[in-house]
Amino acid sequence: FIVIPNHPEGTVGDAAIATVLHYQRTTIFSASDSLKNKIINFGDWEQYVSVCCLRNHGRIGERVVANQIYVHSKLMVVDDRVTLCGSANINDRSMLGSRDSEVDVITRVAQSGEGATPSTMNDQNLAVSSFAKSLRVDLMAEHLGISQANPALGDPCGPELWALWRDVASTNAQIHTRVFPQMASNSTQTVDQFLGLQDASPDVAQAKELENVRGHLFEYPEDFLKADHEAGKLVLAAVDNLDVLGEVFH
């Protein structure tokens, strides 16, 4: 379960923002060694990984409005046993070691003892971290718009949670695409197209559908800016010669 921003903070047309979107799409979806194409070797990648974002909508006076909930946290929960939470970003400022100061905190628990609690993982009984599990359950419940007591949340590898997560994310995304044409979507494949929609009014006739939105979870639009990405229009020319990863992982 991966949750990322709809797009970086700032104007999508700005070169720096577009460059981030270029490399984000490259590493997750399009490159031959992207996450998607690595998993396709084992079958339908969407049965293994879900990439989502968070949004909210409401009313200002008579206007219906929507915006992304910007995911700025760097948080990982692994098998309800380990959590990693920190401030470091995957960029030169955080990774070179000579610029920004960063801190990350990791928690883990042994198979038994203080902090361990019985649980289920892929229908198998095992001990997990009570902190890691409660953190995951709280976040997933909030994103899905359900109670923390919902039994589907118990097993993170269970088919019930996977089906619920995929259904909520997909349904919410379809509703927002119909009501809010200015939001990032699979049908918006160029920067010019996206910017041209920013003054578009919500579809009032479709607005009643917003009552069917659950929680804040939305499927990430894989094809957002796809045409510009494939045409090489997103990446800064100057970035081609910037070997930040070479300096970090030398």
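Where is the place of D79? In this predicted model, D79 is found in the loop between β4 (74–78) and β5 (82–86). The report begins with this loop residue and a second one of its kind, and then turns to the helices and to selected individual positions.

Most residues other than glycine have a negative phi. With a relative accessible area of 47%, D79 is partly exposed, because the value falls between 20% and 50%. D123, by contrast, is exposed, its relative accessible area being 65%.

**Helices α4 and α5**

Two packed helices are described by the angle between their axes and the distance between the axes. For helix α4 (residues 130–144) and helix α5 (residues 159–179), the axes come within 10 Å and cross at roughly 40 degrees. The two helices α4 and α5 are therefore oblique to each other. The handedness of the α4 and α5 crossing is left-handed. On the α4 side, the contact is made by R136, M140, H143 and L144, which meet L161, L164, W165 and V168 of α5. Sorted by class, this contact of α4 with α5 comprises 6 nonpolar, 1 polar and 1 charged residues. An α-helix has 3.6 residues a turn, so residues three or four places apart point the same way.

Helix α5 also holds T171. T171 is partly exposed, with a relative accessible area of 25%. A polar atom of the T171 side chain lies 2.8 Å from the backbone oxygen of D167. T171 and D223 are 52 residues apart in sequence, and their C-alpha atoms are 17 Å apart in space.

**Helix α1 and its surroundings**

Helix α1 (residues 15–30) contains a set of buried residues, namely I17, A18, T19, L21, H22, Q24, R25, T26, I28 and F29. The elements against which the buried residues of α1 pack are α2 (35–40), β2 (51–60) and α7 (226–230). Y23 also has its place in α1, but at 36% relative accessibility Y23 counts as partly exposed.

Within α2 lies I39, a buried residue with a relative accessible area of 13%. Leaving aside neighbours within four places in sequence, the contacts of I39 are with W45, Y48 and V49.

**Two further loop positions**

S185 is located in the loop between α5 and α6 (191–196). Is S185 buried or exposed? S185 is buried, because its relative accessible area of 7% is under 20%. The S185 side chain forms a polar contact with the side chain of S187, at 3.0 Å. Not counting residues up to four places away in sequence, S185 touches T177, P221 and F224.

S98 occupies the loop between α3 (92–95) and β6 (104–108). S98 is exposed, with a relative accessible area of 60%.

**Separations along the chain and in space**

| Pair | Separation along the chain | C-alpha separation |
|---|---|---|
| S98 and L135 | 37 residues | 32 Å |
| Y23 and V137 | 114 residues | 30 Å |
| I39 and T19 | 20 residues | 25 Å |

Some of these pairs link elements already described. I39, in helix α2, is separated by 25 Å from T19, C-alpha to C-alpha, and T19 is one of the buried residues of α1. For Y23, a partly exposed residue, the C-alpha separation from V137 is 30 Å. The exposed residue S98 is separated by 32 Å from L135 between C-alpha atoms.

Note on methods:
Residues numbered from 1 in each chain as written. Predicted model: local features only at pLDDT ≥ 70, side-chain atom pairs only at ≥ 80, totals over all residues. Heavy atoms only, no water. Axes fitted to C-alpha atoms, helices over the stretch in contact; angles between N-to-C directions. Helix = DSSP H or I, 4+ residues; strand = E, 2+ residues; numbered from the N terminus. Parallel < 35°, antiparallel > 145°, perpendicular 65-115°, else oblique. Left-handed = near helix turned anticlockwise from the far one by under 90°. Contact = heavy atoms within 4.5 Å. Nonpolar A, V, L, I, M, F, W, Y, C, P; charged D, E, K, R; others polar. Buried < 20%, exposed > 50% of the residue type's maximum accessible area, 1.4 Å probe, protein only. Polar contact = N/O pair within 3.5 Å; in protein donor to acceptor, adjacent residues only side chain to side chain.
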